[in-house]
Amino acid sequence: MARIREFLRIGEPVSTWVRRTTGGVALAVFAAGLWWHNSSLLGVGAVVLAAFLFLGWRETADRPAEPRAHSTERRPRSRPDSETEARPLPPRWVGHPELVDELPDSADALVDEMLKTGRYALLLRPEMNRHLDREHIIRAVRHLDEAMALVPAGRVLLGPLAEQASSSSGAFDAEQKLLERFMHRIETLYLDRYPVTNLEFRQFVHAGGYEKLEYWDEEALPALLDFVDQTDQPGPRYWVEGLYHGGDERRPVVGVSWYEASAYARWAGKRLPTDAEWTKAGAWPVESAPGRIAQRRYPWGESFDIRRANLWGSHRDGPVDVDEYPDGESVGGVHQLVGNVWEWSGSPLLASAEPTLHVPETYKSVRGGAFDTYFENHATCHYQSGEHPLARRHNIGFRLALPMATLEVAEEEDAQGDGVEESTVTANAEEAFAASI
Amino acid sequence: MPSLAQIPLESYLLAQQAAPIECLVCQQENCRSATRCRFCRAPMALAHQAESVKQKPRLIAVLGASGSGKTTYLGMLMDILTRQVGLPRTTARGPLSISLQQTTATALSTGWFPEKTDHDPEHWHWVHCQFHCRRRRQPVEVVFADVAGDAFAEETEHDGRYPAIRGILANCAGVIVLADAERLKAGDHEHDFVTLKLLTLLGDLRDEQLRNRRLRTSERRPLALVLTKADKCDGSIEDPREFAEAHAATLLGSCQTRFPRYQVFGCSVAGATAYRDLYGSPQHVPLRIEPHGIVEPFGWLVTEMG
């Protein structure tokens, strides 16, 4: 019997057509024996057919029960924890069987996965981090500190007054009415040290970010099918076949609309910075007395220096890696706020534009100048340009912000929390993760 | 009692003043002390500078309807070529040649487009510069003018109103035709007719010169068709020829027929535009300056001029 099993390769994956052919031949031999009244053919056919049916039944009985959809195509994952195996998938992954293979199977794996894809901000949300242990949170906070810089709370001048505040020697006094209009107060936040890179954005594309409608603004949904690359694959405009050009992994992602930037932000658990937040990080205002404020024109100081930023005069003919021009960092340690690529802001252009300027209400603010910005005075911390939110330009990228308020809640709750069993952590974390987005 | 003074009679100076000098544009004789040509009103400084250099400057005709972006294009071109560290680059000759660059760069950097060029030929900007490029060992002396688009339109309607335009068209060694890609894409071809008339005039003047045996060869002058404001029209920078075939078939056909050596280019200066109130009326203004495709047409033209 063992030899027959071995010969017929039963127990190993056998293709359906081999089984059917063998059964068919056995049936044909049996039928021929009946037709010609040949006992030899009848006997051989009956034996082979009986053996085939018996062994086929044995094989079916030996195979573990598996969902039909994945029984033959996917290799089952080895899961040490039987409890984890039995746990239902978070609802958002059920509809995406291609992601099931990548489903983390423990709290460690989940945290690793989230940190690897740059989604540490989600781990630090209160609804998520209450289910994680201290070590996981510390790892997430370390990632946060490495990737983002702290921007302290305070007031910042925007609009036409901001440029006066920087060009005046020392500090700037303005009329109270004007100050009320253009002075903004921001709360403490974290801002990405570098613009989002192609490599980082690829994680979003790879995770099916363009297919998951929950990341997208409602008004962007009709345009979602137009957000494709050169080969009609979902992704930034200048990518090919869903992938950036070789060697561009550390370059800022460009060719993305404001909506794509927003969707990425939601996926990463952050948001686009407002004009005031962006300017605060670069101009680093100092308010010596109420209403008396001095702001930097460039992140490094008052005068332009072509060695610190990638503008037209640098003759680089395109965006460079995000960690180039280290001397151009701001006081708080934010790089390339000026030059390389314009950055989408979360604010509408009209919110802080000069009153005489007429632009469509939908226009979003872009800041910082790009590699092809011709005039240095168009790439200051205060200069503001705008673009239609659906535009996917070759020189507009983005960086993200994370309000400190979110983390403060997390810290408080973490302080009250204590050790929780790993299996419970994983279950809750996955559910919280699914719910948090 | 009046005292006598000895004044040396420098007769050679008188003789020099008496010798006429030919205007570089219309080639009419003028008094050496004249600041502007008495026929076409072109600055005589161009002729004086031309005398001081060994190589005779080549005249380039820059044609286009009103609002096609001639001033912005030429001003930006000069500013880029002057700022350029490597090649190609230009060296302006005389303070006169820097005015166009100054006007344009000042306006753009402060968030405005340069003002519309005046009808009056005395207010047109003229540029004489030395152009250095990789493909030519010797630099080339070139002269061009930023002529008002409305003056082009008037000249095509009333012969001889602007002798400078006729002089440029008759004596140019290369032609740059500017067309507003945004208007073309919107199906507005009204402005094409001015350019078509100018191309016809160019051909007629060439035929006249052939008849008078001032020229012996047929049309060999290169023509660069430049689609301006290409930032607002997807594809007009990446594939300007295809854009021209789709949206400016008549203009392209006319260029092909009359100028066997032609090339289509796309260019843009502003990355985005908006409107700003100026004394109650909205003015079109740039939101940021990102020049693309500015030098290529000029570089190709000068190289092709031979």
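## The interface of chain B and chain A

Between chain B and chain A, 20 residue pairs are in polar contact, with both residues at pLDDT 80 or more. A polar contact is a pair of N or O atoms within 3.5 Å; within protein, one must be able to donate a hydrogen and the other to accept it, and residues adjacent in sequence count only if both atoms are side-chain atoms. On the side of chain B that touches chain A, the elements giving two or more residues are α3, α4 (99–109), β10 (268–278) and β11 (281–292) of chain B. Helices (H or I, at least four residues) and strands (E, at least two) are DSSP runs, numbered from the N terminus. The largest share of this side, seven residues, comes from β11(B). By class, the side has twelve nonpolar, four polar and eight charged residues; Ala, Val, Leu, Ile, Met, Phe, Trp, Tyr, Cys and Pro count as nonpolar, Asp, Glu, Lys and Arg as charged, and the others, Gly among them, as polar.

Chain B gives 24 residues to the contact and chain A gives 28 residues, where contact means heavy atoms within 4.5 Å. About 2200 Å² is buried between chain B and chain A, 48% of it on carbon and sulfur atoms. Buried area is the accessible area (1.4 Å probe) that two parts lose on being put together, summed over both. In chain B, the residues losing the most area to chain A are B:R83, B:L287 and B:R288, together 30% of what that side buries.

## Basis of the model

This is a predicted model, in which local features need pLDDT of at least 70 and side-chain atom pairs count only at pLDDT 80 or more, while totals for chains, interfaces and linings use all residues. Residues are numbered from 1 along each chain as its sequence is written, chains are lettered from A and ligands numbered from 1 in the order in which they are written, and side-chain values use heavy atoms, with hydrogens and water left out.

## Salt bridges

Over all chains the structure holds 34 salt bridges, each a side-chain nitrogen of Lys or Arg within 4 Å of a carboxyl oxygen of Asp or Glu. Three salt bridges are found across the interface of chain B and chain A. A:E354 and B:R276 form a salt bridge through their side chains (3.0 Å, N to O).

Within chain B, B:E51 pairs with B:R32 in a salt bridge, the closest N and O atoms being 3.1 Å apart. B:E51 lies in helix α2 (residues 45–52) of chain B and B:R32 in the loop between β2 (29–30) and α2 of chain B, so this pair ties together parts that are 19 residues apart in sequence.

## Packing of helix α3 of chain B

The axes of α3(B) and α4(B) are 8 Å apart, and the helices pack at an angle of about 100°. Axes are lines fitted to C-alpha atoms, for helices over the stretch in contact, and angles run from 0 to 180 degrees between N-to-C directions. The two helices, α3(B) and α4(B), are therefore roughly perpendicular to each other; angles under 35 degrees count as roughly parallel, over 145 as roughly antiparallel, 65 to 115 as roughly perpendicular and the rest as oblique. By class, the contact of α3(B) with α4(B) has six nonpolar, six polar and one charged residues.

Helix α3 (residues 70–83) of chain B also has its axis within 10 Å of that of helix α11 (residues 295–305) of chain B, and the axes cross at roughly 80°. Contact is made by B:Y73, B:L77, B:I80 and B:L81 of α3(B) with B:V295, B:P297 and B:F298 of α11(B).
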